[in-house]
Amino acid sequence: MKFEKIESKIAVLPIDNIDTDQIIPARYLKSISKDGLGEGLFRDWRRNADGTPKPDFVLNQPQAQGVEILVTGDNFGCGSSREHAPWALVQNGIRAVVSTSFADIFKGNALKNQLLPVVVPADVHAELLKSPWATVKIDLVAQTVTLPSGRTVEFPIDGFSKTCLVEGVDELGYMLQQDPAIAAFEAERVGSVNTLR
Amino acid sequence: MKPRTIVEKIWDSHVVAEKPGAPVLLYIDLHLTHEVTSPQAFSTLRERGLKVRRPDLTIATMDHSTPTTSRDLPMLDTVGKAQLDQMEKNCKDFGIRLYDLKTTKQGIVHVIGPEQGLTQPGMTIVCGDSHTATHGAFGALAFGIGTSQVGHVFATQCLLQTPSQSYAIRVEGALKPGVSAKDIILAVIARIGIGGGTGTVFEYQGSTIRSLSMEERMTICNMSIEGGARAGLVAPDDTTYQYISGREFAPKGADWDAALARWKQLPTDQGAQYAKELTLDAATLEPMVTFGTNPGMGIPISGAIPDPASVSDPIEKSDLIKALKYMDLEPGKQLKGHKIDVVFVGSCTNSRISDLRAAASVMKGRKVSPSVRMLVVPGSMQVKKQAEAEGLDKIFREAGADFREAGCSMCLAMNGDQLEPGEYSVSTSNRNFEGRQGKGGRTFLASPLTAAASAITGVVTDVRTLL
């Protein structure tokens, strides 16, 4: 799947340090596939113990239907390395998360799953927080976010991840092509690489 | 040559390829795996017809979903059982050494690596688990990865990586009685916040760190991710070499001498630059305890729960209000004396023999409060065996605590060991996130000493009153 542009209403979750245990609780991690993780997304914020939806949670609002962009507080995705977090977001139709910063492992995991982490400066973030359900455009090729006010700002992304997303390819294919270099490295370092018996 | 940090030295010696427009291809010396974050990576291998490139550099264990009740009992959790069965099949199909529940070496992945001498200085070590930095205690560059990357390492023994900056965390001076490694790292995280280390690798330095045992260093490195860091490490020294020497996978004979010569080159050069630095005075530290819903929300045991009224940033303020509401705590009050329901001693942070000894030293001849349920879960079957040899199991059982089989257990509550909604625990684990130890459960993170003292009194306790 190729990733170029998104135009969507934004759902706003103005909480800092949202950890991956909130994004998907550990009890959903017993699955041996990626399927069916969507129901675990923000499970304990989204639903009561009996499974009924909590009406005030942002993704339970009627406007959340079809939303592809989530705007969150700082340091989104901290904690556990579980890739189930981006899987669950993507399975709920989320294609981009916008924040002032992301936890390192989450950011890497997201980029490998066609989920775009968009880092914006504090003033842009503040503007978005004040505009729930407004329409925002994200153009990955141009690396721009167009805010509800019409103002367009740039966002950073490393060139390699961008290429993988835009061309819809994954890193593994590229890595497998490096086999000769890996073999050469192993041959040279045979004495110092710890080989388990 | 430009002076380099230990992180730069390890990085430089593992660069396989560096091409324009792509991250560095970095070689991985040791890949640790467990049942929760690997199944989908094995599926990728099968879908693409790939093999595990270096099964000889890959080690698997079962720890997250495993029951801690008797291994003779049938496993009631059929979904968890299916995950363990799949792990067994995956390891068999791809030729990976697996420490399953039938072996005497099974345990938490970050406990068994060092225990068996697999973890060595200068290595790159990865695992699909954010607490992989534990292995940094040996002067290894060890970090957590996602499942896609687990697949990458399976297939290529490499990862695409961009370098991290080094963040020097210096702790100087002598710790006071009752203050331990866990208190140091909780104090560091309280100081810098849980995002404070994002994009960096912590290098722990200073006289206090040097004086710590390997197990204490592991406790500190373990929680580097809780400060947002990619990894955390301590340069190797004689304490490190003595710990490794003679372990099963440690180099032997001439290989040992060669390894030692390499390892001694690792410590950071004089004059190397750090992107950030923090210094703590060990003498000022008290036992620490967390009050909130992330590990950065920690206070000294004599301190007061912060008041949202004193916080100016609107999101920070609302997060603190949210945390206190979830924890049902009042600002301005002490946490000391707060009633608790459960005490958990275990997890990759604090489940090694010295942690169990510390807890037992407080509990010996005392009883767990009748209102408290206490679980002691050794980090590995080897730790369990050692604890039994020293009679620690008897001390725990006579005090009224439950002494279990090895695993992650109530740290993340995947295996049935969990808090009931509303219950409070004092836990030696690493995360106090909402629901982490069971839906609706509330966690106070602390050291094994503080946990044991609180188990005795039934309330959050300053262990120094019981020493």
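# A tour of chains A and B

Start in chain B. Select strand β6 (residues 124–127) and strand β7 (residues 141–144): the two pair in the parallel sense over four bridges. Keep in mind that you are looking at a predicted model.

Now pick out B:Val126. Which residue of β7(B) is its bridge partner? It is B:Phe143. Stay on β7(B) and show its side chains. B:Leu141 and B:Phe143 point to one side, B:Ala142 and B:Gly144 to the other, and all four are buried. Both faces of this strand are covered.

**Stop 1: three domains**

Colour chain B by its domain assignment. Domain 1 spans 6–161, domain 2 spans 165–284 and domain 3 spans 289–465. Focus on domains 2 and 3 of chain B. Their C-alpha centres lie 24 Å apart. Where they meet, 16 residues of domain 2 of chain B are in contact with 19 residues of domain 3 of chain B.

Look at the domain 2 side of this contact in chain B. Helices α6 and α8 (214–222) each supply at least two residues to it. Which helix gives the most? That is α6(B), with five residues. By type, the domain 2 side that touches domain 3 of chain B divides into six nonpolar, six polar and four charged residues.

**Stop 2: helix α8 of chain B**

Select α8(B). Eight of its nine residues are buried, so this helix is largely enclosed by the rest of the structure. The buried ones are B:Glu215, B:Glu216, B:Arg217, B:Met218, B:Thr219, B:Ile220, B:Cys221 and B:Asn222.

What covers them? Show these elements of chain B: α4 (109–115), α6, β10 (200–205), α7 (207–211), β11 (231–233) and α12 (353–363) are among the cover.

**Stop 3: B:Leu280**

Go to strand β12 (residues 276–281) of chain B and select B:Leu280, which lies in it. Is B:Leu280 buried or partly exposed? It counts as partly exposed, because it has 18 C-beta neighbours inside 10 Å; a buried residue needs 20 or more.

B:Leu280 and B:Val171 are 109 residues apart in sequence, yet 4.8 Å apart in space, C-alpha to C-alpha. Leaving aside neighbours within four places in sequence, B:Leu280 is in contact with B:Val171, B:Ala187 and B:Val188.

**Stop 4: a five-strand sheet**

Next, find the open sheet of chain B with the strand order β17-β16-β15-β18-β19. Its five strands pair in parallel. Look at the edges. β17 (402–403) and β19 (442–445) of chain B each have a single partner strand, so one side of each is left without a neighbour in the sheet.

B:Val342 stands opposite B:Arg373 in β16(B). Then show helix α15 (residues 448–457) of chain B. It lies across β15, β16 and β18 (424–427) of chain B, and runs at about 150° to β15(B).

**Stop 5: the largest nonpolar core**

In soluble globular proteins, nonpolar side chains tend to be buried together. Here the largest nonpolar core has 190 residues. Select B:Cys158, B:Val343, B:Ala359, B:Val376 and B:Ala452, the residues with the most contacts inside it. Helix α6 (residues 181–192) of chain B gives the most to this core, with eight residues.

Zoom in on B:Val343. Not counting residues up to four places away in sequence, it touches B:Val372, B:Met374, B:Ser425, B:Val426, B:Ala451, B:Ser454 and B:Ala455.

**Stop 6: where the chains meet**

Zoom out and show both chains. The contact takes 58 residues from chain B and 47 residues from chain A. On the chain B side, the elements that each supply at least two residues include β1 (15–17), α3 (78–94) and α11 (314–327) of chain B. The largest share of that side, six residues, comes from α5(B). The chain B side divides into 23 nonpolar, 24 polar and eleven charged residues.

**Stop 7: two loops in chain A**

End in chain A. Select A:Asn17, in the loop between β1 (5–13) and α1 (20–23) of chain A. Its phi is near 55°, a positive value in a residue other than glycine. A:Asn17 is buried, with 28 other C-beta atoms within 10 Å.

Last, select A:Phe42, in the loop between α1 and α2 (43–46) of chain A. Its phi is also positive, at about 45°, although A:Phe42 is not a glycine. With 22 C-beta neighbours inside 10 Å, A:Phe42 counts as buried.

Methods:
Residues numbered from 1 in each chain as written. Chains lettered and ligands numbered in written order. Predicted model: local features only at pLDDT ≥ 70, side-chain atom pairs only at ≥ 80, totals over all residues. Buried ≥ 20, exposed ≤ 12 C-beta atoms within 10 Å, placed from the backbone. Pairing = 2+ DSSP bridges. Contact = placed C-beta atoms within 7 Å. Nonpolar A, V, L, I, M, F, W, Y, C, P; charged D, E, K, R; others polar. Core = buried A, V, L, I, M, F, W, Y, C linked by C-beta atoms within 7 Å. Axes fitted to C-alpha atoms, helices over the stretch in contact; angles between N-to-C directions. Domains from an automatic or database assignment.
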